[in-house]
Amino acid sequence: TALPERRRPGGGRPRYEVVRELGAEEVRWFYREDRKTWKPFIGYDSLRIELAFRALGSGGGGAGEPAAVEPVCVRSGLYEVDVASAESYPVYWNQTEKIPVMRGQWFIDGTWQPLEEEESNLIEQEHLNRFKGQQLQESFDMEISKPVDGKEAIHSLKLSRNHVDWHSVDEVYLYSDATTSKIARTVTQKLGFSKASSSGTRLHRGYVEEATLEDKPPQTSHIVFVVHGIGQKMDQGRIIKNTAMMRDTARKVEEKYFSNLATHVEFLPVEWRSKLTLDGDTVDSITPDKVRGLRDMLNSSAMDIMYYTSPLYRDELVKGLQQELNRLYSLFCSRNPEFEEKGGKVSIVSHSLGCVITYDIMTGWNPVRLYEQLLQKEEEEELEERWMSYEEQRLLEELYITKQRLREIEERLHELKASTISKPPVLKFKVENFFCMGSPLAVFLALRGIRPGTSGSQDHILPRTICNRLLNIFHPTDPVAYRLEPLILKHYSNISPVQIHWYNTANPLPYEHMKPNFLNPTKEATSAPDTESTSAVPSPTTSPVMVRRHYGESITNIGKASILGAASIGKGLGGMLFSRFGRSSATPQTMETGKDGPEGDEKKATTVGTPPLPHSSSGFLEPTVELEHRIDFELREGLVESRYWSAVTSHTAYWSSLDIALFLLTFMYKQEQEETDKSNLDTL
């Protein structure tokens, strides 16, 4: 028969009137990472671990052997718990340190931290031996910690360093038996304080919240592969820690801004470097011993760029990342079969060199093919330009025709093979969004010969058939990051990147509604040196970056920069202020309006009457094409950060940024948010 249950005054979990063994829902399992405090598993996970634990204890293996219990999948499917060894381990990546898990039965009042399992088991056993079947107090007063002055313990249990006193069935206190505690107890008791209230810790049997299967994580509708850049050899677990930071930050943002959606975004680290052998230890063997620490650091980080530019090892790096991406996707789908059925999406967040390798995998770019094209071009030019004898010319023409014929045959053979054997795609999934963070991709593309075109389409550098949306995120002082937009349309070198909203901006303007802000809207003698003003008319495509880089500055920054000695490097405080205010007053149409005081000066990036394109009277050509979608997005500089210091730290500061987490989720939840808003409007 079902036992009568009583709920706590605050609407907590049910409490039974008769002392009995703890139910599976009253026990709570915990895990501990990085030797921090114990964290409780959510109800769904805890209940399933407890049921597996009980199945293990029931001994269904026959002949006295423990039952074989399958690992329990926990924490949104990212980890598994081995109940027999009381350990948890990640599913999608390798981790040397196992995460201990613990079964909580008795808990400390206030914090609800569990007592150590060994002590907890002894107290539980003693409690059942002494009080099983007894009635609990009828009133709810038992839930309130009240002093038990003059009340003698009705039962006591000695532990190794502590002892437990039962003042009643529900009033259980833990006392420390350390010498200092004995002295403290004697003093406080002489002063008239009770034994319990002076040094005892109130204990509770069973967790504050009942575990239910309904308390489960939302379904994953979007997975994000997080790809690292250089330096992973130096610190192999770094990408796992960075992804964990990004995941935790995204969870906070999800709770604040996207709690109305029934799904969530999952972040998985892609560790492609550690499995590669590359040159073995050849580079280490040729490294001199002096300043060895610095040399080893460079070998473990900057060397990856040299490996990637080497035709010998480039393919190994590309295949390493490609195989790891496909392995993770296949593993995720095998564990979440409904993901593909329900149209789950995949995005990639890449950092530093990882952006270049990911791009090359998606597009299939091959330097060998480029080299062959260059050779062919050189041969054609040689035939046209060089003077040669009739016989030599005839033989070269014959060779050229033969090579051309050979290429045609190879192409036909390749087409025939392609028609008979369908080649599997390089990646097993379509990429929805490709986010580049602190990316040197633009430099690599420029050095490969990509030049600005006349179309404002992303297809110029990354076809939409391969990836739906390309977004380039960078910190203004990141020395490794470059802009992509001027590679598509040249005049975008004079249009500032879109400013990423601060996390706590109230009602930010959607990114697609933001108007372009021009860096040099008018020709100013004050904002350029005399030599420049007398030279040819400045154009948005030739203006040097440092001269026109005024966006994102504030008066605080300017003042601070001058204090730090920027006056000796740049134009000096006076010139900068004059330039800043001169430009602002000359072009009121580009001033941004904010509504949250000094912090929100540029939060909204709304423009008052901004012309769609620069005036031709200012010396610029009037371009007629705009980008279909903006690609370059820039983090806002902090009001008090030093640019010189942030140039050192900014390249690795993306992972824990709330601004970036909100930015990523805004684009990944965009379709779902629109669908939810539409259904809400339909309902209204």
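Analyst: In this predicted model, valine 72 stands opposite valine 81 of β6. The two strands involved, β5 and β6 (residues 79–82), are joined by three bridges and pair in the antiparallel sense. They belong to an open sheet of six strands with antiparallel pairing, ordered β4-β3-β8-β7-β6-β5. Its edge strands are β4 (39–40) and β5 (72–74), each of which pairs on one side only. Helix α1 (residues 43–58) packs on this sheet and touches β3 (28–31), β5, β6 and β8 (99–104). The direction of α1 makes about 165 degrees with that of β5.

Antiparallel pairing also occurs around β13. Strand β13 (residues 201–205) is joined by three bridges to β9 (residues 106–108), and the two run antiparallel. Within that pair, tryptophan 106 has arginine 205 as its bridge partner. Strand β12 (residues 172–176) is likewise joined to β13 by three bridges in an antiparallel arrangement, and here valine 172 is partnered with leucine 203. Strand β13 is mostly covered, with four of its five residues buried.

Next comes a sheet with parallel pairing. Seven strands form this open sheet, in the order β15-β14-β16-β17-β18-β22-β19. At its edges are β15 (263–270) and β19 (498–499), each pairing on one side only. Helix α9 (residues 314–335) packs on the sheet, where it touches β14 (219–227), β15 and β16. The angle between the direction of α9 and that of β14 is about 165 degrees. Another helix, α22 (residues 658–668), lies across β14, β15, β16, β17, β18 and β22 (632–634). The α22 helix runs at about 160 degrees to β17. Inside the sheet, five bridges join β16 (residues 345–351) to β17 (residues 431–437), and these strands run parallel. One of the bridge pairs sets valine 349 against phenylalanine 435 in β17.

Then there are the cysteines. How many disulfides does the structure hold? The count is zero. For cysteine 355, the closest cysteine sulfur is that of cysteine 436, at 4.0 Å; a disulfide would need the sulfurs within 2.5 Å, so this pair is too far apart for a bond. Cysteine 355 is buried, at a relative accessible area of 0%, and cysteine 467 counts as buried at 0% relative accessibility.

The backbone oxygen of cysteine 467 lies 3.1 Å from a polar atom in the side chain of glutamine 458. Glutamine 458 sits in the loop between α14 (441–447) and β18 (467–474). Apart from neighbours within four places in sequence, glutamine 458 is in contact with Pro463, Arg464, Cys467, Asn468, Arg469, Leu470 and Ile488. Isoleucine 631 is 173 residues away from glutamine 458 in sequence, yet their C-alpha atoms are 8.3 Å apart in space.

Methods:
Residues are numbered from 1 along each chain as its sequence is written. This is a predicted model: local features need pLDDT of at least 70, side-chain atom pairs count only at pLDDT 80 or more; totals for chains, interfaces and linings use all residues. Side-chain values use heavy atoms; hydrogens and water are left out. Contact means heavy atoms within 4.5 Å. A polar contact is a pair of N or O atoms within 3.5 Å; within protein, one must be able to donate a hydrogen and the other to accept it, and residues adjacent in sequence count only if both atoms are side-chain atoms. Buried means under 20% relative accessible area, exposed over 50%, partly exposed in between (1.4 Å probe, protein chains only). Two strands pair if DSSP finds at least two bridges between them. Axes are lines fitted to C-alpha atoms, for helices over the stretch in contact, and angles run from 0 to 180 degrees between N-to-C directions.
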